[in-house]
2 protein chains.
Amino acid sequence: MKVLLVFAHPEPQSLSASLRDVATRELEAAGHEVRVSDLYAMGWKSQIDRADFPALGSDERLLPIAASKNAFSAATLTDDVKAEVDKLLWGDALILQFPLWWFAMPAILKGWVDRVYAYGFAYGVGEHSDKRWGDRYGEGTLAGKRAMLIVTAGGWEEHYGPRGVNGPIDDLLFPINHGILFYPGYDVLPPFVTYSTDRFNEECFETAARHLRERMRTLETVEPIPYRRQNGGDYHIPTMELRAGLEAASTSGFRLHVRQFAEAGSGLS
Amino acid sequence: MKVLLVFAHPEPQSLSASLRDVATRELEAAGHEVRVSDLYAMGWKSQIDRADFPALGSDERLLPIAASKNAFSAATLTDDVKAEVDKLLWGDALILQFPLWWFAMPAILKGWVDRVYAYGFAYGVGEHSDKRWGDRYGEGTLAGKRAMLIVTAGGWEEHYGPRGVNGPIDDLLFPINHGILFYPGYDVLPPFVTYSTDRFNEECFETAARHLRERMRTLETVEPIPYRRQNGGDYHIPTMELRAGLEAASTSGFRLHVRQFAEAGSGLS
């Protein structure tokens with residue numbers, strides 16, 4: 001496979017960077033081709049602003065959606081964004097690796113999403129009618145490719161558990177896994193998360209590295225999270241509300257959008 | 001009250017900017033003192049990097065938590081960050097206003113959080129022992145102040161409803177409301193969210209503006225979201241897992257961390 005790893009940590013000698021190298025070495029040893037977008041090393045511009053749309057007239061209002069649509073269709077996006085779009089099209093798999101800062105991505109990686117995910121490429125794709133509401137959530141430009149997160153979290157694992165005070169890690173990552181990766185079509189693999197990283201010693205590192213290598217070896221084969229496809233019949237169109245009766249009785253919140261074991265064809269083995 | 005509004009939209013003539021002006025005018029008409037941090041207009045630097053820590057030696061590794069701790073305690077944070085810290089201490093209320101991009105804040109605002117929320121200021125505050133796990137989630141430097149979000153979302157309201165495909169808006173905003181605002185001590189007010197903003201007409205705007213003015217008039221009085229206080233007895237320490245039996249039987253996910261109607265002293269009227 002061809003694998004793009006987008007990396008967001010400012011320190012080349014960080015734990016994150018060491019884990020990145022563990023992942024890339026394992027992938028390359030298995031015969032995969034790996035490219036890394038090291039956002040800090042690239043001097044990536046974090047925020048969307050007027051400079052992203054050089055074709056926009058100086059007296060025109062910057063409406064981000066319209067500007068993105070026009071720039072993508074006219075191929076007037078900036079070269080740094082075009083290069084990332086090309087890398088996403090090139091890769092069979094995408095890995096986003098980042099430290100969890102304030103329960104979300106670092107700004108520089110959020111800015112990679114905001115800028116690279118152009119209208120017509122990552123959203124605003126496909127027919128919008130009473131039959132389907134665009135190609136998104138399981139369909140879209142990046143359908144057929146795989147994606148996963150590699151996340152380092154400073155807090156304890158228990159704090160991110162089902163009853164942990166931070167909220168469950170799967171819910172915290174839902175806006176990324178479902179809203180950023182599944183949205184343009186990726187099959188989203190379970191994330192790799194390491195905890196208590198501000199107290200890591202050599203032994204912790206070796207354990208994390210071993211688990212990470214295992215995950216890299218199954219990148220092609222592990223079952224994706226069984227998110228429901230938007231246009232697969234589970235949702236009313238165009239309100240995009242889940243039809244009644246599909247979920248287990250006790251389920252609520254984000255888990256509504258993951259197919260349950262009891263449902264036919266769940267794909268969760 | 002003294003109100004700080006942190007604003008994140010690149011276009012001065014945007015819908016977001018118009019709503020910001022509606023909010024600030026209403027607050028000022030009610031006698032509140034308002035300051036605005038307009039991040040794009042300020043040329044705010046989005047990403048944490050080595051330039052944030054001028055006291056860090058050029059041969060030292062950048063460990064963000066340690067660097068933040070040292071810089072905050074030695075008062076060597078950069079001037080732009082110090083100014084925002086001072087504004088947060090000045091304000092009785094904080095409003096974060098932003099368009100919802102990819103189910104999260106724009107990068108520039110995430111970078112405001114990443115950079116301004118220093119160790120010793122917004123986290124790493126208070127005693128960590130078997131009795132309490134720091135002053136956070138309802139306690140901390142910013143306790144006693146109020147905070148709320150003003151959010152514009154392009155999608156339909158139904159898409160963000162209890163069964164909407166994007167996930168419920170309250171869950172999507174939980175990492176911000178609970179993880180960024182409640183964490184350093186704010187009382188978090190219900191968010192103001194406007195939907196379908198990419199199809200706004202004059203009538204939509206007037207309706208949104210009227211609701212927003214109402215919300216600004218109740219900024220001092222509306223009940224906060226009844227998040228559970230970390231050190232208030234509901235959680236085991238130090239695993240910070242919610243004790244058994246506190247939640248309604250059908251509740252799961254993020255809602256565990258909001259006190260239920262049935263609980264004594266819920267504060268939810």
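In the predicted model, 58 residues of chain A are in contact with 58 residues of chain B. Contact is defined by C-beta atoms, placed from the backbone, that lie within 7 Å. Three helices of chain A, α5, α6 (169–172) and α7 (174–182), each supply at least two residues of the side that touches chain B. The largest share, 6 residues, comes from α5(A). By residue class, this side of chain A divides into 28 nonpolar, 18 polar and 12 charged residues. Here Ala, Val, Leu, Ile, Met, Phe, Trp, Tyr, Cys and Pro count as nonpolar, Asp, Glu, Lys and Arg as charged, and the others, Gly among them, as polar. Helices (H or I, at least four residues) and strands (E, at least two) are DSSP runs, numbered from the N terminus.

This is a predicted model, in which local features need pLDDT of at least 70 and side-chain atom pairs count only at pLDDT 80 or more, whereas totals for chains, interfaces and linings use all residues. Residues are numbered from 1 along each chain as its sequence is written, and chains are lettered from A and ligands numbered from 1 in the order in which they are written.

Chain A can be laid on chain B by a turn of 180 degrees and a shift of 0.0 Å along the axis, with an RMSD of 0.0 Å. This is the relation of a two-fold axis. The same surface serves both copies, and 100% of the contact residues of chain A recur in chain B. Superposition is by least squares on the C-alpha atoms of residues with pLDDT of at least 70 in both copies. A:Ala107 comes closest to the rotation axis of the residues of chain A, its C-alpha lying at 2.3 Å.

A:Met105 lies in the loop between β3 (93–99) and α5 (107–116) of chain A. A:Met105 is buried, because 29 other C-beta atoms lie within 10 Å. The cut-offs are 20 or more such neighbours for buried and 12 or fewer for exposed, with partly exposed in between. Beyond four places in sequence, A:Met105 touches A:Ala8, A:Phe98, A:Lys110 and A:Ile176. A:Ile176 is 71 residues away along the chain, yet the two C-alpha atoms are separated by 8.7 Å.

Strands β1 (residues 2–7) and β2 (residues 33–38) of chain A pair in the parallel sense over 6 bridges. Pairing requires at least two DSSP bridges. Within this pair, A:Leu5 has A:Val36 as its bridge partner.

In chain B, B:Ser37 sits in strand β2 (residues 33–38). B:Ser37 counts as buried, with 22 C-beta neighbours inside 10 Å.

How values were computed. Two residues are in contact if their C-beta atoms, placed from the backbone, lie within 7 Å.
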